[in-house]
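Please examine the sequence and the three-dimensional structure shown below.

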Amino acid sequence: MQATTELEPTVRIRELTKDKVNFVLENVDLAFANSFRRVMMADLPTVAIDMVEIEVNTTVLPDEYIAHRLGMIPLLSSNCDEAIRYTRDCTCLAGCPFCSITLMLHVSCNDNNTMDVTSNHLEVLPFPEDQDIQADPGEELSKRGEYFGHPVGKNDPNAEPVLICKIRKGQELKVKCTVKKGIAKEHAKWSPCSAVAFEYDPYNKLRHTSYWYETDVRQEWPLGDNAKEEEAPRDDEPFDYLAKPTKFYLDVETDGSLSPQEVVMKGLAELQQKLANLIYGLKQGPELENQQQANGTGAEPSWNISSTAPAPAPIPPTSAWSGGASSQWGNTSPGQRSTSNAGWGASPQAGAWSSGATAGWSSPGQQSNGWNV
Ligand SMILES: [Zn+2]
């Protein structure tokens, strides 16, 4: 069993290459290790092609096929959180250098050999200077590396480019692509990781899994390399049902858009930010509830409180939390929760609420939907 004193979390790097890091994380909770894995996979921003205008396509592949392939091409995204804005946060009307990058691809085949159209044919277009930019100025451009937004491997003679399609004599492909910032929760093309391997308890001492086998479990489930890090259980060892995993083996492989160091460090920072938002939201709750009572309840629908929540609410759900009133949760369907405050006011449901506020709220279905905690 573990000693009663809490041990400090440690990280031991076993292997580090250009696009992969393998490390052992110790003395953390299983929930933390798994959250860390999920944040690295799905919550780190990168840039990817999000819109494709097909100008000429006489290849054998349909437009949609090519657009999808273009979206999946990894683009260099180092320092993406500071170097580019989300389009939804930008004040421009139709794209600007602070929230988008334009890539152009124009290839035609004029000889008898089959020609490969690859990610190396994508060229970054400078944003036209004469265009009237409606966005607020920012310092994003100064935080970009030289090749930000370029396809991964384009400037590296040893890297194999990504094949988009093959063309023969007389065929042509001309497309204009708009690159945007996003995270993999929106679409997997924005994930900086191609794989994150995660393992703990290689001997299954904790019995978190049960193996299916025919005759001999040990022969049919050979041990991996991580088993060398741990002591094999004795055959007569009693099952410790209170034991918890403390040692986690992670292998983070990126697609080249971010370096493995950046993925791990930004992953930790992102997880810290999420937890800070949660603490902030929970602390805000009672104060706002008191405010609401001071303002006089009943006539005022509680969802109006959201608009009086502190202005720089870090994530949308936080503002919902900081609304504090339990009745708010009870009445908000998942779809409505995810929309903006402005959307609520305009939606027909919101109108219905304010007209029949008390009657609607006390309906049994809404009270028993599990959100009133
Ligand atoms: Zn913009």
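## A glycine in a loop

Where does G149 lie? In this predicted model, G149 is found in the loop between β6 and β7. Is G149 buried or exposed? A residue counts as buried when 20 or more other C-beta atoms lie within 10 Å of its own; G149 has 22 such atoms within 10 Å and is therefore buried.

The surroundings of G149 come from several parts of the chain. Leaving aside residues up to four places away in sequence, G149 touches V47, L75, L76, I101, V124 and V179. The pair formed with V47 spans 102 residues in sequence, yet the C-alpha atoms are 6.7 Å apart in space.

## Confidence of the model

The average pLDDT of the chain is 81, and 73% of the residues score at least 70. Where pLDDT is low, predicted coordinates should not be read in detail.

## The sheet β3-β8-β4-β6

An open sheet is formed by four strands in the order β3-β8-β4-β6, with antiparallel pairing. Its edge strands are β3 and β6 (123-125), each of which pairs on one side only. On average, neighbouring strands of this sheet are turned by 30° against each other, direction ignored. Helix α2 packs on the sheet and touches β3 and β8, and its direction makes about 155° with that of β3.

The pairings within the sheet can be followed strand by strand. Strands β3 and β8 are joined in the antiparallel sense by 10 bridges, and V56 stands opposite K174 in β8. Eight bridges link β4 to β8, again antiparallel; here L103 has C177 of β8 as its bridge partner. Between β4 and β6, which also run antiparallel, there are three bridges, and T102 stands opposite L125 in β6.

## The nonpolar cores

The largest nonpolar core comprises 30 residues, and those with the most contacts inside it are V47, I49, L70, L75, L103 and V179. Two or more residues are given to this core by each of β3 (46-57), α2 (63-71), α3 (80-83), β4 (101-108), β7 (163-167) and β8 (172-182). The greatest contribution is that of β8, with four residues.

Which residues does I49 touch, not counting residues up to four places away in sequence? They are L70, G71, I73, L103, C177 and V179. A second, separate core has 17 residues, including L25, L44, Y200 and V252.

## The sheet β1-β2-β10-β9

Four strands make up another open sheet, in the order β1-β2-β10-β9, and the pairing is antiparallel. Why is one side of β1 and of β9 left without a neighbour in the sheet? Strands β1 (10-17) and β9 (193-200) stand at the edges and have a single partner strand each, so one side of each lacks a neighbour there.

Strand β1 is joined by seven bridges to β2 (residues 20-26), and the two run antiparallel. Within this pairing, E15 has N22 of β2 as its bridge partner.

## Helix α1

Helix α1 (residues 30-42) lies across β2, β9 and β10 (247-254), and runs at about 170° to β9. The helix has 13 residues and reaches 18 Å from its first C-alpha to its last, close to the 18 Å expected at 1.5 Å a residue.

Which residues of α1 are buried? They are A33, F36, V39, M40 and M41. An α-helix has 3.6 residues a turn, so residues three or four places apart point the same way. R38 also lies in helix α1, but R38 counts as partly exposed because it has 14 C-beta neighbours inside 10 Å. R38 and V196 are 158 residues apart in sequence, while their C-alpha atoms are 8.9 Å apart in space.

Note on methods:
Residues are numbered from 1 along each chain as its sequence is written. This is a predicted model: local features need pLDDT of at least 70, side-chain atom pairs count only at pLDDT 80 or more; totals for chains, interfaces and linings use all residues. Two strands pair if DSSP finds at least two bridges between them. Two residues are in contact if their C-beta atoms, placed from the backbone, lie within 7 Å. Axes are lines fitted to C-alpha atoms, for helices over the stretch in contact, and angles run from 0 to 180 degrees between N-to-C directions. A residue is buried if 20 or more other C-beta atoms lie within 10 Å of its own, exposed if 12 or fewer, and partly exposed in between; C-beta atoms are placed from the backbone. pLDDT is the predictor's confidence in each residue, from 0 to 100. A nonpolar core is a set of buried Ala, Val, Leu, Ile, Met, Phe, Trp, Tyr and Cys residues joined through C-beta atoms within 7 Å. The expected span of a helix is 1.5 Å times one less than its number of residues.
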